Amino acid sequence: MKKLKGTLTTVEAPQRVKIDTTFRQNKLTYSNYWFLIHFAIIVAIAIISIVNYKALPNIIPMKYDLQGNVTSSVPKTYLSVLAINLVQLGIIALMMLVNWSIKASKQQLTTSNPAKFAAENIQFRRKWSLFTIITGLLLTILFAFIQINMFVPNMVLLTSISFITPVVIVLGAVLLSLTGRQGGGKIRNHQEDRERSREQPVNDDDYWKFGFIYFNSNDPSFTVEKRYGIGWTINFARPLSWVLLLFIIAIVVISIVLSQ
């Protein structure tokens, strides 16, 4: 692609950039307060687990195969009983971070019909924000059923929910990806493509290392839209971005350890 861009005619005319200073005044995402529902479920299940702690056997089954046979078990301790709640908290913290990054992500600009482009970008962010909140809720409910299964075993129900939940999440992500392109708008809109083709593309190749790692010390943004595909990435030139990345890795590692 860089070789192809090198063969294109360079436009020497001054570039025109439009900036919408009111963009951040719009409601870009759904509030993180919606995650209070998730926390309420986690706290409720944790209380139920503590109240019924003595009713549990000394050895707690943790994993099952497809036939319902126990493949992994651990001695009963408060940590082993509440480990799932800690995993839930880690997942919700990660989802809240994702929701925040959607809101804080750098605004994309265009000179052709900037008002429409901004409106589509806002809609794009709100859709993915809602998807993030719903995904967090579904995962919270899934882990709640896993924990309740310790007290009231029901392998048929647990297996069904364990299968349906990931399928719903994946289908939702695929649907959003197929119905809207990165930044908003329809994937195939030939009229808009003709309008956008008259614009001089932003020449920021130097800031995209290997084509997908964004590194720009002059950009105050912590998160930006991915150059291709759907989603967001961090600005690796910002120290706080590394802190966020390490925080995400820590959540994943701790969750894996607790789920063993």
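A residue is called buried when its relative accessible area is under 20%, exposed when the value is over 50%, and partly exposed in between (1.4 Å probe, protein chains only). By this criterion, 35% of the 260 residues in the protein chain are buried. The structure is a predicted model, in which local features need pLDDT of at least 70 and side-chain atom pairs count only at pLDDT 80 or more, whereas totals for chains, interfaces and linings use all residues. Residues are numbered from 1 along each chain as its sequence is written, and side-chain values use heavy atoms, with hydrogens and water left out.

The protein chain contains seven helices and six strands, assigned as DSSP runs (helices: H or I, at least four residues; strands: E, at least two) and numbered from the N terminus. From the N terminus on, the order of these elements is α-α-β-β-α-α-α-α-β-β-β-β-α. Contacts are defined by heavy atoms within 4.5 Å. Among contacts between residues at least 6 apart in sequence, 65% join residues at least 24 apart.

Leu139 touches Ile91, Met95 and Ile169, residues up to four places away in sequence not being counted.

One salt bridge (a side-chain nitrogen of Lys or Arg within 4 Å of a carboxyl oxygen of Asp or Glu) is found in a search of the whole structure. The bridge joins the side chains of Lys106 and Asp219, at 3.1 Å from N to O. These partners are 113 residues apart: Lys106 lies in the loop between helix H3 (78-104) and helix H4 (114-148), and Asp219 in the loop between strand S4 (213-214) and strand S5 (223-225). Lys106 is partly exposed because its relative accessible area is 30%, while Asp219, at 6%, is buried.

The protein chain exposes about 16,300 Å², of which carbon and sulfur atoms supply 67%. Leu171, in helix H5 (residues 155-179), counts as exposed because its relative accessibility is 55%.

Definitions and conventions
Accessible areas come from the Shrake-Rupley method with a 1.4 Å probe; for residues, only the protein chains shown count as cover.
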